[in-house]
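Visitor: Could you show me how to read a loop residue by residue? I would like the general idea before each case.

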Amino acid sequence: MNGEQLIELAKQAREKAYVPYSRFPVGAAILADDGTVVTGCNIENASYGLTNCAERTAIFKLVSEGKKDIQLVAVVADTPRPVSPCGMCRQVLAEFCSPDTKVILSNLNGQTTVTTVAELLPYSFSKEDLNDAGHT
């Protein structure tokens with residue numbers, strides 16, 4: 001599975017998005033270290049706070065299948081430039097990816113930017129912050 005194939009799967013996932021309020025469908029696809037691929041789309045709710053983004057949907061699907069080692073992530077939306085994950089998705093990516101995990105940002109025009117989780121969220125909150133609390 002290469003990046004272009006993962007982008008295509010993200011595009012297909014995007015078509016399943018439930019976005020009656022924003023009308024902004026997003027798709028994501030994740031390649032795990034063992035070769036497993038999962039996809040996700042954004043799922044909105046009339047109570048906006050319950051909305052789930054495509055990236056988090058895919059990560060939660062992967063984790064619910066007992067897998068946590070993420071090798072590559074692709075995100076696609078119909079944006080003028082390659083779409084970027086929101087802050088909550090960046091934090092969840094930081095929880096389940098290594099800092100050097102590549103994230104492909106893309107749009108429907110074929111523009112892509114390849115970045116890393118560390119570049120998306122350089123000072124993420126981590127479990128080490130919790131473990132080290134009170135030990136300064």
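Guide: Let us begin with serine 47, which is found in the loop between strand 2 and helix 2; helices (H or I, at least four residues) and strands (E, at least two) are DSSP runs, numbered from the N terminus. This is a predicted model, in which local features need pLDDT of at least 70, side-chain atom pairs count only at pLDDT 80 or more, and totals for chains, interfaces and linings use all residues. Residues are numbered from 1 along each chain as its sequence is written, and side-chain values use heavy atoms, with hydrogens and water left out.

Visitor: Which side chain makes a polar contact with the side chain of glutamate 44?

Guide: A polar contact is a pair of N or O atoms within 3.5 Å; within protein, one must be able to donate a hydrogen and the other to accept it, and residues adjacent in sequence count only if both atoms are side-chain atoms. For glutamate 44, which lies in the loop between strand 2 (37–41) and helix 2 (54–64), the partner is the side chain of serine 22, at 2.3 Å.

Visitor: Where do UniProt's annotations fall here?

Guide: The unreviewed UniProt entry places the feature "binding site" at Asn42, Ile43, Glu44, Asn45, Ala46, Ser47 and Tyr48; UniProt positions are given in the numbering used here, feature names are shortened, and annotations may be inferred rather than shown by experiment.
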